[in-house]
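User: Hello! I am new to this structure and would like to walk through it with you, one step at a time.

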Amino acid sequence: MTEHRDLDELLRVIEGDAGCTAGEAILDAYVELELAGEDPARVFPGTAIHLKSCPGCQADHDGLLDAARRFAGVSPE
Ligand SMILES: [Zn+2]
């Protein structure tokens, strides 16, 4: 019974998950790095890890990336 809880806490520590709040704060910058061809995981490793395990933040990220790509497409820059 306690095994699941222990594993959950263990994974959280080992993975270095930055959590939802931290991800929301830097998601714009994260997506910008991706669009620039950089590796956002090097700048925001905790959020890169979090995105792999959080469907909610994944959806936010995908939506932001999609919107940013579309915006970049119509921008003169
Ligand atoms: Zn999240």
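Predicted model: local features only at pLDDT ≥ 70, side-chain atom pairs only at ≥ 80, totals over all residues.

**A first walk through the fold**

User: What percentage of the residues in the protein is buried?
Analyst: A residue counts as buried when its relative accessible area is under 20%. Of the 77 residues in the protein, the buried part is 23%.

User: Which residues are the protein donors of the zinc ion?
Analyst: The donor atoms lie 2.0 to 2.3 Å from the zinc ion. Along the chain, the donors follow the spacing C-x29-H-x3-C-x2-C. With their atoms, they are Cys20 (SG), His50 (NE2), Cys54 (SG) and Cys57 (SG).

User: What is the geometry of the site of the zinc ion?
Analyst: For four tetrahedral donors, the ideal angle is 109.5 degrees. Four donors count as tetrahedral if all angles lie between 85 and 135 degrees. Here the angles among the four donor atoms are 102 to 115 degrees, and the site is tetrahedral.

User: Are Cys54 and Cys57 buried or exposed?
Analyst: The line between the two classes is set by relative accessible area, with buried meaning under 20% and exposed over 50%. Cys54 and Cys57 are both buried.

User: Is His50 buried or exposed?
Analyst: His50 is found in helix α4, and leaving aside neighbours within four places in sequence, His50 is in contact with Asp17, Ala18, Gly19, Cys20 and Cys57. The C-alpha atoms of His50 and Asp17 are separated by 5.0 Å, although the two residues are 33 residues apart along the chain. Because its relative accessibility is 5%, His50 counts as buried.

User: Which residues in α4 meet α2?
Analyst: On the α2 side, the contact involves Gly19, Cys20, Ala22, Gly23, Ile26 and Tyr30. The residues of the contact divide into six nonpolar, four polar and no charged. On the α4 side, the residues are Thr47, Ala48, His50 and Leu51.

User: What is the relative accessibility of Thr47?
Analyst: Thr47 has its place in helix α4. Not counting residues up to four places away in sequence, Thr47 touches Ala18, Ala22, Gly23, Ile26 and Tyr30. Thr47 counts as buried because its relative accessibility is 3%.

User: What separates the C-alpha atoms of Gly46 and Ala18?
Analyst: Gly46, also in helix α4, is buried with a relative accessible area of 14%. Leaving aside neighbours within four places in sequence, Gly46 is in contact with Gly16, Asp17 and Ala18. Gly46 and Ala18 are 28 residues apart along the chain, and their C-alpha atoms are separated by 4.3 Å.

User: Which residues does His61 touch, not counting residues up to four places away in sequence?
Analyst: His61 sits in helix α5, residues 55–74. His61 counts as buried, at 9% relative accessibility. The residues that His61 touches are Leu27, Tyr30, Val31, Glu34 and Leu51.

Key: Residues numbered from 1 in each chain as written. Heavy atoms only, no water. Donors = N, O, S within 2.8 Å, 3.2 Å for Na, K, Ca; no water. Tetrahedral: all angles 85-135°; square planar, octahedral: opposite > 155°, others 65-115°. Buried < 20%, exposed > 50% of the residue type's maximum accessible area, 1.4 Å probe, protein only. Contact = heavy atoms within 4.5 Å. Helix = DSSP H or I, 4+ residues; strand = E, 2+ residues; numbered from the N terminus. Nonpolar A, V, L, I, M, F, W, Y, C, P; charged D, E, K, R; others polar.
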